[in-house]
Amino acid sequence: MAMIFIGGSRDIDVLPDPVIERISAIVAHEHGVLIGDAPGADAEVQGLLAGYGYEHVGVFHAGKEPRHNLGDWAAYRIPPPDGAQGFAVHAGKDREMARRADCGLMIWDGASPGTFLNVLRLAMIASPCVVYDTRRSRVTTTRSVAEWRAMFEHAGADVAREVIARMTAEERKAVAA
């Protein structure tokens, strides 16, 4: 059973048909799913998986309890560092899901820096990641930091600025190599 990190932008409130088809294939092959507890794509994917009655799901969260756990699955708390605020509260759980995953499926709105960083985190450990870009209705797969950098070049200045601001020193080093 492969472990698949599924994530996406908080602004996504409807899953595109190609994403639903991929998730249906994940369920049919009985792969494990690692997912966060955020509103948006995480909650939408959780709702789909709960509707299937799918059991092979782990929900990762930073708070005392998950914000969303629609299938009452196993929950894994990854506490944030002391004093963490904003995106930094949830970055640790995202890094942990990437670390545990064999591959990823990201539903990206073309703007979310957190989702884009999750693609990088998977690329850094040579885990393939299918990225469904809802803005461009395009599916791409990254398998390396070099492929991630190629996507980054087309991300836009605002996204690039946010991504760079959120990177850890290790992530910056991997991108610069």
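Predicted model: local features only at pLDDT ≥ 70, side-chain atom pairs only at ≥ 80, totals over all residues.
Which residues of H3 are buried? Residues are numbered from 1 along each chain as its sequence is written, and side-chain values use heavy atoms, with hydrogens and water left out.

**View A. Helix H3 and its buried residues.** The buried residues of H3 are Ala91, Lys93, Asp94, Glu96, Met97 and Ala98 (buried: under 20% relative accessible area, with a 1.4 Å probe and protein chains only). They pack against strands E1 (3-8), E2 (32-36) and E3 (57-61) and against helix H4 (113-124) (contact: heavy atoms within 4.5 Å). Helices (H or I, at least four residues) and strands (E, at least two) are DSSP runs, numbered from the N terminus. H3 covers residues 88-100, 13 residues in total, and its first and last C-alpha lie 19 Å apart, close to the 18 Å expected at 1.5 Å a residue (the expected span is 1.5 Å times one less than the number of residues).

View B. Seven strands form an open sheet with mixed pairing, in the order E4-E3-E2-E1-E5-E6-E7 (two strands pair if DSSP finds at least two bridges between them). At the edges you will find E4 (74-77) and E7 (138-142), each pairing on one side only. E1 and E2 are parallel partners over four bridges, and Met3 has Gly32 in E2 as its bridge partner. Helix H2 (residues 41-52) lies across E1, E2, E3 and E5, running at about 145 degrees to E2 (axes are lines fitted to C-alpha atoms, for helices over the stretch in contact, and angles run from 0 to 180 degrees between N-to-C directions).

**View C. Aromatic rings around Phe152.** Five aromatic pairs are counted (rings of Phe, Tyr and Trp, the latter by its six-membered ring, with centres within 6.5 Å; planes under 30 degrees apart are stacked, over 60 edge-to-face and the rest tilted). Phe116 and Phe152 are stacked, because their ring centres are 6.1 Å apart and their planes at 25 degrees. Ring pairs join Trp108, Phe116, Trp148 and Phe152 into a cluster.

Notes:
Buried < 20%, exposed > 50% of the residue type's maximum accessible area, 1.4 Å probe, protein only.
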